[in-house]
Amino acid sequence: MMKSAKAAMLAAAMIAMGASAHAAQTPSVALGEKLFNDPKLGGATGTKTCASCHPDGAGVEFSYKKPNLPQIINMCIARGLNGTPLPLDSVEMKSLILYHQSLK
């Protein structure tokens, strides 16, 4: 009986871990905003963030209309933050795009 209770607890913990991992893999505006303010975006090692040049999203309000927005974001990560460009289909990139769209 004790083993079955432990097994049930272990199974519940594994399900919870899977659910939280799945949530972390879902693009969101909140994650995009967090990344926009993260000095480690793209593996950058400085203290600069996207918000350093665009406080509260200033200057990027209409960027959501640009078809090459992912490339522009990556250019800023590479040149402005000295980081590594993000994969275009990554959760991080999708979240940054959602954040840009929320600034309309």
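What percentage of the 104 residues in the protein is buried? Buried residues make up 27% of them, where buried means under 20% relative accessible area, exposed over 50% and partly exposed in between (1.4 Å probe, protein chains only).

## Model and overall makeup

This is a predicted model, in which local features need pLDDT of at least 70 and side-chain atom pairs count only at pLDDT 80 or more, while totals for chains, interfaces and linings use all residues. Residues are numbered from 1 along each chain as its sequence is written, and side-chain values use heavy atoms, with hydrogens and water left out.

The protein has five helices and zero strands, giving the pattern α-α-α-α-α along the sequence. Helices (H or I, at least four residues) and strands (E, at least two) are DSSP runs, numbered from the N terminus. Of the contacts in the protein with a separation of 6 or more, 62% are between residues 24 or more positions apart; contact means heavy atoms within 4.5 Å.

## Packing of α4 and α5

Helix α4 (residues 69–80) packs against helix α5 (residues 91–102) at an angle of about 105°, and their axes are 10 Å apart. Axes are lines fitted to C-alpha atoms, for helices over the stretch in contact, and angles run from 0 to 180 degrees between N-to-C directions. The two helices are therefore roughly perpendicular to each other, a term for angles of 65 to 115 degrees; under 35 counts as roughly parallel, over 145 as roughly antiparallel and the rest as oblique.

On the α4 side, the contact is made by Leu69, Pro70, Ile73 and Asn74, and on the α5 side by Met93, Leu96, Ile97 and His100. By class, six of these residues are nonpolar, two are polar and none is charged. Ala, Val, Leu, Ile, Met, Phe, Trp, Tyr, Cys and Pro count as nonpolar, Asp, Glu, Lys and Arg as charged, and the others, Gly among them, as polar.

## Helix α5

The twelve residues of α5 reach 16 Å from first C-alpha to last, close to the 16 Å expected at 1.5 Å a residue. The expected span is 1.5 Å times one less than the number of residues. Met93, Ser95, Leu96, Ile97, Tyr99 and His100 are the buried residues of α5, and their cover includes α2 (29–36) and α4.

## Loop residues with positive phi

Asp56, in the loop between α3 (50–53) and α4, has a positive phi of about 55° although it is not a glycine. At 75% relative accessibility, Asp56 counts as exposed.

Asn82, in the loop between α4 and α5, has a positive phi near 55° and is likewise not a glycine. Asn82 is exposed, with a relative accessible area of 62%.
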